[in-house]
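Visitor: Can you walk me through this one? I'd like quick answers, with cut-offs where they matter.

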Amino acid sequence: MEFGKVPEAELAHIDLTLPPDPQETTEVLEHSKGKSKTKFYIGCAKWGRKDWIGKFYPPGTKEKDFLEHYAKLFNSIELNTTYYKIPTTAQVQQWKSRVGKDFKFCPKFTDSITHMKRLQDTRPLTDAFLEGIHAFGDNLGPVFLMPHPQMGTKYIKVIEAFLEDLPKDVDVFLELRHPDWYTEGGYNKAMLHFLQQQKRGTIITDAAGRRDCVHMHLSTPEAFIRFVGNALHPSDYTRIDEWVERIGVWMKEGLKTCYFFMHQHEELHSPELIHYFMEQMNKHYDMHLKPPMQQPPQNTLF
């Protein structure tokens, strides 16, 4: 993942601390306080990692079995493969058959909708996309909407119209990348109000090179966090420590669900940092998350 990437030498000069919570986030969480225990869905963006064979997947794992083994390590995935092509019902049913009943797929809207058409005149494409992901059934998590990064605040009505036209029973979270959205107190007030009214979620992306996207605004009592690490640099661990602390605060305030997806510029390392995240959550909050375990070392004959 290249978004927010900076040279390692610059990391020491960037303020990587989390901003304080805005009042809007506190108010949103307080409205759901005490209703239920926070649910966690944690994972990566890909399951097809050949370099996980022998490290996180058993030695000799075939590509056709990658998803099945991934679902034994994690309970969710940020499904970026749907960004490149609208999934068919048959394809979705095949993916669904390889995971357990509690696993959640969080598919990303296809680029033909978000980037080529820029959310305008997309009804046939959107219908096809929704028809495909409908086959996930109970395994469908939130859908990830990322408008083209060039779509700034002047496109607010376009984005709002697209979201309003989506079925209300489809859980949608919005990631905004154009800097214009973050020029007034951390998040555009008009868009935040709209999302609150529509019960659509915000996505928080924590990347070293785009600190404006770590806006900390929640429009619903659910958090969708995309953490972009830097190849297990020491700062990755201190940043995770901050997230563990902040999520703990949100849990006390009424956080209903937390989706936490790990990205690395070299995805080989993503499970290791997720392991650390889960370990720290268990340690500080007496939770029972199951960190992804590495494969035991293989005996070697000389």
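**Helix 3 and beyond**

Guide: T82 is found in helix 3, residues 81–84. Helices (H or I, at least four residues) and strands (E, at least two) are DSSP runs, numbered from the N terminus. This is a predicted model: local features need pLDDT of at least 70, side-chain atom pairs count only at pLDDT 80 or more, and totals for chains, interfaces and linings use all residues. Residues are numbered from 1 along each chain as its sequence is written, and side-chain values use heavy atoms, with hydrogens and water left out.

Visitor: Is T82 buried or exposed?

Guide: T82 counts as buried, at 1% relative accessibility. Buried means under 20% relative accessible area, exposed over 50%, partly exposed in between (1.4 Å probe, protein chains only).

Visitor: Which backbone oxygen lies by the side chain of T82?

Guide: That of L79, 2.9 Å from a polar atom of the T82 side chain.

Visitor: And what does T82 touch?

Guide: Leaving out residues up to four places away in sequence, T82 touches P87, W95, P107, K108, F109, T110 and F129. Contact means heavy atoms within 4.5 Å.

Visitor: What about Y84, buried or exposed?

Guide: Y84 is also found in helix 3. Y84 is exposed, with a relative accessible area of 61%. With residues up to four places away not counted, Y84 touches T110 and D111. The C-alpha atoms of Y84 and F109 are separated by 8.8 Å, and these residues are 25 apart along the chain.

Visitor: Switching to rings. How many aromatic pairs are there?

Guide: The count comes to 24 aromatic pairs. Rings of Phe, Tyr and Trp (its six-membered ring) pair if their centres lie within 6.5 Å; planes under 30 degrees apart count as stacked, over 60 as edge-to-face and the rest as tilted. Take W95 and F136: their ring centres are 6.3 Å apart and their planes at 15 degrees, so this pair is stacked.

Visitor: Where do W95 and F136 lie?

Guide: W95 is in helix 4 (residues 89–96), and F136 is in the loop between helix 6 (123–134) and strand 4 (143–145). The pair therefore ties together parts that are 41 residues apart in sequence. W95 is buried, at 11% relative accessible area, and F136 is buried at 0%.

Visitor: Which residues form a cluster through ring pairs?

Guide: W47, Y70, F74, W95, F103, F105 and F136.

Visitor: Which charged residues sit over rings?

Guide: K108 lies over the face of Y83, at 4.7 Å from the ring centre. R177 has its charged end over the ring of F3, 3.8 Å from its centre. The rule: NZ of Lys or CZ of Arg within 6 Å of the ring centre and within 35 degrees of the ring normal.

Visitor: How many bridges join strand 5 to strand 6?

Guide: Two, and strand 5 (residues 172–174) runs parallel to strand 6. F173 stands opposite G201 in strand 6.

Visitor: What does the D206 side chain join?

Guide: D206 is in strand 6 (residues 201–206) and is buried at 0% relative accessibility. A 2.9 Å polar contact joins its side chain to that of R239. A polar contact is a pair of N or O atoms within 3.5 Å; within protein, one must be able to donate a hydrogen and the other to accept it, and residues adjacent in sequence count only if both atoms are side-chain atoms.

Conventions: Two strands pair if DSSP finds at least two bridges between them.
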